[in-house]
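Subject: Structure for you to look at

Hello,

Here is the structure I promised to pass on. Please open it beside this email and follow along.

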Amino acid sequence: MQPDKQEYAEMLFAARTGLQGLQQSSGEKAILMNDLVQLIKGNLPEPEQVIVQLNQSLTLRRQYAELIKQLAYAQSASQVAASTNDKLAGRETDIFSLKFKRDTLVESQIYALLNIKHPTGNQSGKSVVLFALLDEHAERIEFPSLIDGRTQQLFEEDDRRLQRLINPNSEIVLMP
Amino acid sequence: MQGKAMNITPYGVSETLQGIFEALRETPGLSGNKFRMEDVNKVAQYLVCRNYGKACLELGYLCWAVINHQRVGDNKNPLLSFFWVDESITPKRFRNAFSQESQVQNHQISLQRESLSITGSDFHFDISPTRVGVLSVLLEFIVNMRGTWLQEIEDKFVEANDKQIKSFSSELQKELYQYLNEHMPEAQQQRRFRFVCQWLEQEKLSEGFLTDDAILDFWRYASLEQDSLSYTLYSSAMSDLVETHKALNEINLKQNAKSAYSMGLDQEAGEYSPERLTENLFEYCSDDDADCSWMCDTPKFLTKMQWAELQPFYRYSSYSPNITRSILRLAIFGQWQANIVQAKRKSNALVVQKLNESPASYYDTKQSLADICAAIGNVIQAICYIFMKLEDARFIGTLNTFMEESEVQKTKAWMQQQVQSGDLETDLSGIVTSFKELMLSEPAINQAISNCEKSFKNNNKSGFKVLPEVEEIDVYEQGFESLSELQKVIAVYLSWFSETEDQNNGAESIFTSDVSIFKTTFEKIYGAAHAA
């Protein structure tokens with residue numbers, strides 16, 4: 001066979017086998033940026049798989065945190081450590097406030113009270129999502145939809161989500 | 001999002017790249033999967049043919065339009081919003097996003113009938129809304145390659161000129177080139193092709209070399225001679241021999257071309273045009289490269305298990321008259337080998353156990369194919385019912401594929417009569433109402449429709465639990481066409497069993513002989529583990 005035709009046959013072979021290869025399932029599906037965006041939106045049908053990968057990869061966690069901030073409706077940066085001993089000191093921004101109140105009946109339970117001044121349709125109609133970013137981990141906390149700009153969620157005191165919300169070092173991000 | 005160890009599969013692509021494309025096919029969006037299978041396959045074609053120059057440039061202009069449009073770009077992260085939050089990546093949503101014309105100083109971005117017209121300070125470009133799907137897949141891939149691309153584009157493209165856009169395209173192509181050199185090294189594929197050609201020469205095989213004996217001989221030779229090319233796997237050896245046959249066949253078809261121009265050779269540059277390679281490759285190739293895994297999504301036309309079982313039969317179906325036995329060997333012994341390979345990762349004792357297990361027989365496979373064929377028949381009936389309930393005239397065509405011939409003739413005669421008498425509106429509205437009269441007078445047709453209803457009601461899979469909306473109906477026609485194709489493919493194999501029964505004491509004696517051949521070869525390949 002002439003050399004140029006041989007070369008062309010080789011190219012056809014390489015391209016076709018390559019395409020076959022790209023159509024095969026691999027041992028480990030990649031995590032795309034879109035998967036992270038869907039995780040933030042709460043749209044992943046099986047979020048556990050992505051969360052496992054996130055926990056194993058610092059690069060992915062950083063990207064996830066960066067996306068959360070880019071998609072944010074409002075943010076509250078980490079606070080200067082409170083000068084009082086008030087462990088339940090909340091947050092206040094121009095857009096939202098987050099306060100904490102111990103349950104009078106069950107002392108081990110604490111309410112997180114969220115107030116949003118100009119809510120989005122999503123927050124009023126569906127649910128409100130906050131992220132607490134701390135030490136390159138992002139904790140997703142969902143609240144019921146707003147009524148008159150307010151919503152609340154009850155937690156056990158040792159609930160990790162509450163701990164992250166309360167922690168003054170956390171960056172709190174409110175999603176649209 | 002990288003950081004995995006590079007492991008190049010027998011297909012010449014890295015596991016990382018496989019993982020990315022698997023994710024592109026399955027990543028969710030606003031409704032169902034984010035990307036269309038055809039768009040993901042198109043990007044795969046661009047990459048394997050190294051034909052991504054034009055797409056990179058198009059993507060540059062599209063990103064420029066997104067960033068510089070007064071309304072679309074009025075966002076702190078316009079690309080993130082456009083491609084990921086709003087997913088303006090279908091023609092309809094794309095048109096909606098750009099519905100308002102944007103005119104800022106000497107920039108103009110306006111939606112025309114056929115395209116988005118983009119005019120910058122020193123350039124003009126038109127983008128069709130039908131391209132945005134492919135370009136969004138490409139962008140997702142690029143961002144996976146390096147996450148900082150998005151920010152870089154957003155920083156550089158505000159009021160960028162033509163030179164800057166082309167510079168971006170050029171940088172992107174360079175980076176893709178380097179990335180693909182690592183994840184799809186051409187050298188490995190070249191070695192494989194040359195190894196096969198040398199063997200063909202050594203065995204003095206020429207045109208028409210693709211037979212069951214040749215495939216088996218090549219595997220037995222290559223598996224013991226050349227471990228580094230992964231030819232221990234029967235599936236790899238068969239795949240390479242078939243692909244070599246296809247490639248050489250293609251060359252022979254073009255042998256009479258007066259010059260190499262038709263193959264895309266640029267005589268001056270001394271290289272083949274990637275664009276022409278893509279055209280020739282995918283124009284020549286039949287649908288055996290088609291990936292039917294979309295049929296396992298929503299609507300679920302097939303289960304994943306059914307598709308996994310059908311895949312080898314489907315992939316090689318255009319060769320099936322000549323190498324049916326090899327395809328059966330692939331389905332059964334290829335799977336047996338995969339089990340042994342998996343066992344090898346665990347323990348030698350498990351390898352011994354797997355070697356001594358009998359694989360499914362050819363008769364079992366025949367039964368399984370027949371069962372899948374029957375299951376497909378039920379899904380086709382359910383689709384027919386959906387068309388009928390949604391008053392879509394396609395139900396008649398669907399119905400005619402599984403009714404008895406006498407009933408089909410009656411339906412055709414009825415249609416003709418309806419059209420001639422003018423009783424049917426030209427757009428076929430009211431066809432279902434008219435058809436019900438036929439059903440009343442023809443019990444067999446009535447029964448066929450009743451069976452369709454039963455099939456629909458018994459189908460609990462996604463897409464069949466409730467009737468879909470009228471706007472969603474087209475995918476059911478695609479499903480019907482692909483399912484019909486699969487039935488035809490299965491029928492060819494089932495007829496092989498019938499023919500074999502007549503000729504060679506049946507499939508079972510062939511199977512017994514093949515078990516002996518494969519077991520002997522597996523024992524040689526995995527023999528060290530076996531003996532330990």
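Below is what was found in it, starting where the chains meet.

Please keep in mind that this is a predicted model.

**Where chains A and B meet**

On this interface, 65 residues of chain B are in contact with 47 residues of chain A. The area buried between the two chains is about 5100 Å². Carbon and sulfur atoms give 63% of that area. There are polar links too. The count between chain B and chain A is 17 residue pairs in polar contact, both residues being at pLDDT 80 or more. Several helices of chain B each supply at least two residues to the side that touches chain A, among them α1 (15-26), α9 (186-202) and α11 (234-253). Helix α1(B) gives the most, with eleven residues.

Three salt bridges cross between chain B and chain A. One pairs B:R194 with A:E10, and their closest N and O atoms are 2.7 Å apart.

**Salt bridges elsewhere**

Over all chains, the structure holds 31 salt bridges. Look at A:R102 and A:E157, whose closest N and O atoms are 3.1 Å apart. A:R102 lies in strand β3 (residues 96-102) of chain A, and A:E157 lies in the loop between β7 (150-156) and α6 (160-166), so the pair ties together parts that are 55 residues apart in sequence. A:R102 is partly exposed, at 30% relative accessibility. A:E157 is also partly exposed, at 26%.

Now turn to chain B. The side chains of B:D474 and B:R394 meet in a salt bridge of 3.1 Å, N to O. This pair links helix α21 (residues 474-503) with helix α17 (residues 394-399), and the two residues are 80 apart. B:D474 is partly exposed at 44%, and B:R394 is partly exposed at 22%. Shared partners also join B:R146, B:E152, B:K156, B:E171 and B:E175 into one salt-bridge network.

**Aromatic rings**

A search of the whole structure finds 41 aromatic pairs over all chains. B:W294 and B:F301 form an edge-to-face pair, 6.1 Å centre to centre, with 75° between the planes. B:F301 counts as buried, because its relative accessibility of 2% is under 20%. B:W496 and B:F497 are edge-to-face as well, at 5.2 Å and 80°. B:W496 is buried at 14%, and B:F497 is buried at 2%. Ring pairs also link a cluster in chain B, including B:W219, B:Y234 and B:F333.

Best wishes

Conventions
Residues numbered from 1 in each chain as written. Chains lettered and ligands numbered in written order. Predicted model: local features only at pLDDT ≥ 70, side-chain atom pairs only at ≥ 80, totals over all residues. Heavy atoms only, no water. Phe/Tyr/Trp six-rings, centres within 6.5 Å; stacked < 30°, edge-to-face > 60°. Buried < 20%, exposed > 50% of the residue type's maximum accessible area, 1.4 Å probe, protein only. Contact = heavy atoms within 4.5 Å. Buried area = accessible area lost by both parts, 1.4 Å probe. Salt bridge = Lys/Arg side-chain N within 4 Å of Asp/Glu carboxyl O. Polar contact = N/O pair within 3.5 Å; in protein donor to acceptor, adjacent residues only side chain to side chain. Helix = DSSP H or I, 4+ residues; strand = E, 2+ residues; numbered from the N terminus.
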